[in-house]
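Morning, everyone. Please have a look at the structure on the screen, and then we'll walk through it.

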Amino acid sequence: MALPHFLIAGVPKAGTTALHAALVRHPDLFLPSVKEPKFFLTDGPPPTRGGPGDAQTYQEHVWRREDYERLFDPAPPGALRGEATPFYLHHLDSHARIHRLVPDAKIILLLRDPVDRAHSNWTHLWTAGLEPEADFLTACRLEDQRKAAGWAAFWHYLDLGRYGAQVKHLYEYFPREQVLLMRYLELRQTPAAALDKVCAFLGVDTGVIDVVPAENVTRTVDNTRVNAALRYLLRTGAGFGQHFPVPLRKVFRGPLLTLLQRGHGRRIPLKPEDRAALLPAFADDIALLQEVTGQRYDDWLDADRHAPGRPASEPDTARTR
């Protein structure tokens, strides 16, 4: 039976794609080429409807157990098998599913300042042409409405960043020694040390990998009338694309996305007033995260952490999902 020994289980837009790309270079580790199989998110077929592009994403879920196990068949003998689906932490039901099937699995969590993570998440979907709301704060305020309409978790900009409740729930199924908590900034600022920490946690040789590749870098695009039209076409195409095979979807989507991202637009900054407006939504959960983990995260409550002259924190050009 080929099942994973470890999971990169969280969180979106916090370095999971980059970590996946780094770990595949370690000779004692195996991660399948399919990043984010999402197997533990459902007990059967995924939903078929949601927000812009969600139906196509659902079609990519590896939800049959035989297909999931087949992902790990190419693993060399003795290699530790793992996969990266950064939505597992947020999806509380997945915790029990993981425990039932692989109770000894080691869980890796990359956590990022929740406001920065939300802004990077919105930027990712905006530059992909899928986010219809041009104002970040307004998009966040639409979250409950979008949830009620069945939009997928990647649209839950605020809820994805409430790590305290999620980690507390995960600890009900997995002992703390099986869970590695890391900050996104560790991977960006001290990649060699961060990768050694992950390798030591997994029990493989350290000092073997020391570079975090630039993966899934968020592009920037200008908010022009032409780009607005391209976004509309991309969202419309996402709605119809589920009815066509993947190669045909790419024929339609590829040129439009290339046109949308053709320029070198200015990075969309996180406005100080937006940060100040969203911090109260995370205050109680950050306190819970500190209580549950025994680690300090109160720097995330600093409304001025992006002020000029302050040390660089967690920019929107984040590598990864």
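Let's start with a question: is W126 buried or exposed? W126 counts as buried, at 4% relative accessibility. Keep in mind that this is a predicted model.

Now its partner. W122 counts as buried too, at 2% relative accessibility. W122 and W126 both sit in helix α5, residues 114–127. They are four residues apart, so about one helical turn separates them. Their ring centres are 5.9 Å apart and their planes meet at 15°, so this pair is stacked.

How many aromatic pairs does a search of the whole structure find? Eleven. Take F40 and Y88. This pair is edge-to-face, with 5.6 Å centre to centre and 75° between the planes. F40 is in the loop between β2 and α2, and Y88 is in the loop between β3 and α4, so the pair ties together parts 48 residues apart in sequence. F40 counts as buried at 1% relative accessibility. Y88 is buried at 0%.

Next, strand β4, residues 106–111. Five of its six residues are buried, so the rest of the structure largely encloses it. Four bridges join β4 to β1, and the two run parallel. There, F6 has K106 as its bridge partner. β4 also pairs with β5, again in the parallel sense, over five bridges. L109 stands opposite L181 of β5.

Last, two helices. α8 and α14 pack at about 30°, with axes 7 Å apart. That makes α8 roughly parallel to α14. Residues in the contact include Y163 and V167 of α8, and L288 and V292 of α14.

How values were computed:
Residues are numbered from 1 along each chain as its sequence is written. This is a predicted model: local features need pLDDT of at least 70, side-chain atom pairs count only at pLDDT 80 or more; totals for chains, interfaces and linings use all residues. Side-chain values use heavy atoms; hydrogens and water are left out. Axes are lines fitted to C-alpha atoms, for helices over the stretch in contact, and angles run from 0 to 180 degrees between N-to-C directions. Angles under 35 degrees count as roughly parallel, over 145 as roughly antiparallel, 65 to 115 as roughly perpendicular and the rest as oblique. Contact means heavy atoms within 4.5 Å. Buried means under 20% relative accessible area, exposed over 50%, partly exposed in between (1.4 Å probe, protein chains only). Two strands pair if DSSP finds at least two bridges between them. Rings of Phe, Tyr and Trp (its six-membered ring) pair if their centres lie within 6.5 Å; planes under 30 degrees apart count as stacked, over 60 as edge-to-face and the rest as tilted.
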